[in-house]
Amino acid sequence: MSGGALTRYRFHTADVFTDRIFGGNPLAVFADAEGLDTELMQQIAAEFNLSETAFVLPPRQPQHHCQLRIFTPTAER
């Protein structure tokens, strides 16, 4: 997705590596990121400014369940 049309994407936030609320590492997850390109994923991750933002995409190979791309505010992991 680039420029022009506004598309809405739902996301969730979670605290990971903890057993209590607000005690861990905050993470944003886009469970259905189909249609987002690499540049926009990086811009979203920079905007959230969390340790990581994860994007779940359809699998590239049929034996897999999904493709997962993880971005920090400055780079893809």
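This report walks through a predicted model of one protein chain, from its overall fold to a few single residues.

## Ground rules

Because the model is predicted, local features need pLDDT of at least 70 and side-chain atom pairs count only at pLDDT 80 or more, while totals for chains, interfaces and linings use all residues. Residues are numbered from 1 along each chain as its sequence is written, and side-chain values use heavy atoms, with hydrogens and water left out.

## The chain as a whole

Let us start with the overall picture. Read from the N terminus, the elements follow the order β-β-α-β-β. The C-alpha trace spans about 40 × 35 × 20 Å along its principal axes.

Of the 77 residues, 25% are buried (buried means under 20% relative accessible area, exposed over 50%, partly exposed in between, with a 1.4 Å probe and protein chains only). Taking contacts between residues at least 6 apart in sequence, 38% join residues at least 24 apart; contact here means heavy atoms within 4.5 Å.

## The sheet and its helix

The four strands make an open sheet in the order β1-β2-β3-β4, with mixed pairing; two strands pair if DSSP finds at least two bridges between them. At the edges sit β1 (12–16) and β4, each of which pairs on one side only. From one strand to the next, the twist averages 25 degrees. Helix α1 (residues 38–48) packs on this sheet and touches β2, β3 and β4, its direction making about 50 degrees with that of β4. For such angles, axes are lines fitted to C-alpha atoms, for helices over the stretch in contact, and the values run from 0 to 180 degrees between N-to-C directions.

Two of the pairings can be followed in detail. β1 pairs with strand β2 (residues 25–30) in the antiparallel sense over five bridges, and Thr13 stands opposite Ala28 in β2. Strand β3 (residues 52–57) and β4 are also antiparallel, over five bridges, with Leu57 opposite Gln67 in β4. Strand β4 (residues 67–71) shows two faces: Gln67, Arg69 and Phe71 are on the covered one, and Leu68 and Ile70 on the uncovered one.

## The nonpolar core

A nonpolar core is a set of buried Ala, Val, Leu, Ile, Met, Phe, Trp, Tyr and Cys residues joined through side-chain atoms within 4.5 Å. The largest one has ten residues: Phe30, Ala33, Leu36, Leu40, Met41, Ile44, Ala45, Phe55, Leu57 and Phe71. The elements giving two or more residues to this core are α1 and β3, and α1 provides the largest share, four residues.

Ala33, one of the core residues, is in contact with Tyr9, Phe55, Val56 and Leu57, leaving aside neighbours within four places in sequence. Thr53 is a residue of strand β3 and counts as buried because its relative accessibility is 0%. With neighbours within four places again set aside, Thr53 is in contact with Leu27, Ala28, Phe30, Ala45, Phe48, Arg69, Ile70 and Phe71.

## Salt bridges

Side chains of opposite charge can pair when their charged atoms come close. The count is two salt bridges, each defined as a side-chain nitrogen of Lys or Arg within 4 Å of a carboxyl oxygen of Asp or Glu. In one, Glu52 meets Arg77 at 3.4 Å, N to O. Glu52 lies in strand β3 and Arg77 in the segment after β4, so this pair ties together parts that are 25 residues apart in sequence. Glu52 is partly exposed at 22% relative accessible area, whereas Arg77 is exposed at 66%.

In the other, Arg69 pairs with Glu76, and the closest N and O atoms are 2.8 Å apart. Arg69 is buried, at 15% relative accessible area, while Glu76 is partly exposed at 38%.

## Two phenylalanines to look at

Which residues other than glycine have a positive phi value? Phe17 is one, with phi near 65 degrees; Phe22 is another, with phi near 60 degrees. Phe17 belongs to the loop between β1 and β2, and Phe22 is found in the loop between β1 and β2 as well. Phe17 is exposed at 76% relative accessibility, and Phe22 is exposed at 70%.
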